[in-house]
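Open the model in your viewer and keep the selection panel at hand. Each stop below says what to select and what is there.

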Amino acid sequence: MRKLLIFLAVLFVSVMSSACINNFAIQELNTKAKEYLDKGDYDEAVKRLESSVDLDGSVFETRYNLAVAYVNKEEFKSAINQLNEAIKINPESADAYYTLGVALEGDGYKKLNDKKNIKDNDSTLDDKEVDETSLFNTKEDADYAIKRLEEAIGAYTKYTEIAQKAQDLDKVKQHIKEIQEDIEEYSKLEFPEINDTMQSDNKQ
């Protein structure tokens, strides 16, 4: 079953001082973006951070912070793109791998059928109203989710390797096991073949 994303450790980071000519402007944009993010105004936060990236796309903190803003907007693909760029700049950032795991996980679970999401949030629904195959609309959605969740496990695992003294290490390792359980569950789902569906429709 769908597990809750653990957003608590997805943190906004301050821009470090550097010799970059645009550093002050970048710091200002990041600071303003954090203010908007704290207010829940993710659109304005994204605008400031995109402007910062336009000034200098080589600043790790800006790429990372933009990803955090996208995660909060649940625009996971955009977050993944920014995190991949951030990791190119700083491949030893544990937080970047953690946040990448969150984004990949979010993108995978986003493929869950709306009926399933309703079932998770409404305990009054009878199980018969939401059968197992309604977890996803199609096999393609299920395969996509599985692939993304496997990638999320890879990112979380990388986080545990880099941040070996992190306080949330056990929590992340447990979360990995929960995602693995979901993958096993989704892998067992059966979907009707297209031809079978068409034949059934023709009979009607």
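**Before you start.** This is a predicted model: local features need pLDDT of at least 70, side-chain atom pairs count only at pLDDT 80 or more, and totals for chains, interfaces and linings use all residues. Residues are numbered from 1 along each chain as its sequence is written, and side-chain values use heavy atoms, with hydrogens and water left out.

**Stop 1: colour by pLDDT.** This is the predictor's confidence in each residue, from 0 to 100. The chain mean is 82, and 76% of the residues reach 70 or more. Now select residues 116–125. Here the pLDDT is below 50, yet the stretch has 13 contacts beyond near neighbours in sequence. A contact means heavy atoms within 4.5 Å. Next, compare two helices (DSSP runs of H or I, at least four residues, numbered from the N terminus). Where pLDDT is low, the predicted coordinates should not be read in detail.

**Stop 2: the largest nonpolar core.** Such a core is a set of buried Ala, Val, Leu, Ile, Met, Phe, Trp, Tyr and Cys residues joined through side-chain atoms within 4.5 Å. Buried means under 20% relative accessible area (1.4 Å probe, protein chains only). Select F136, Y156, Y159 and Y186: of the 53 residues in this core, they touch the most other members. Then show the helices that give two or more residues to this core: α1 (23–39), α2 (42–55), α3 (60–72), α4 (76–89), α5 (94–109), α7 (139–162) and α8 (169–187).

**Stop 3: the aromatic pairs.** The structure holds four. Rings of Phe, Tyr and Trp (its six-membered ring) pair if their centres lie within 6.5 Å; planes under 30 degrees apart count as stacked, over 60 as edge-to-face and the rest as tilted. Select Y98 and Y156. They are edge-to-face, 5.6 Å centre to centre, with 65 degrees between the planes. Y98 sits in helix α5 and Y156 in helix α7, 58 residues apart. Both are buried. With Y98 it forms an edge-to-face pair at 5.2 Å and 65 degrees. Y98 and Y159 are 61 residues apart. Y98, Y156 and Y159 form one aromatic cluster.

**Stop 4: lysines over rings.** The test is NZ of Lys or CZ of Arg within 6 Å of the ring centre and within 35 degrees of the ring normal. Select K111 and Y144. K111 lies over the face of Y144, 5.0 Å from the ring centre. Finish at K158, whose charged end sits over the ring of Y97, 5.9 Å from its centre.

Notes:
Buried < 20%, exposed > 50% of the residue type's maximum accessible area, 1.4 Å probe, protein only.
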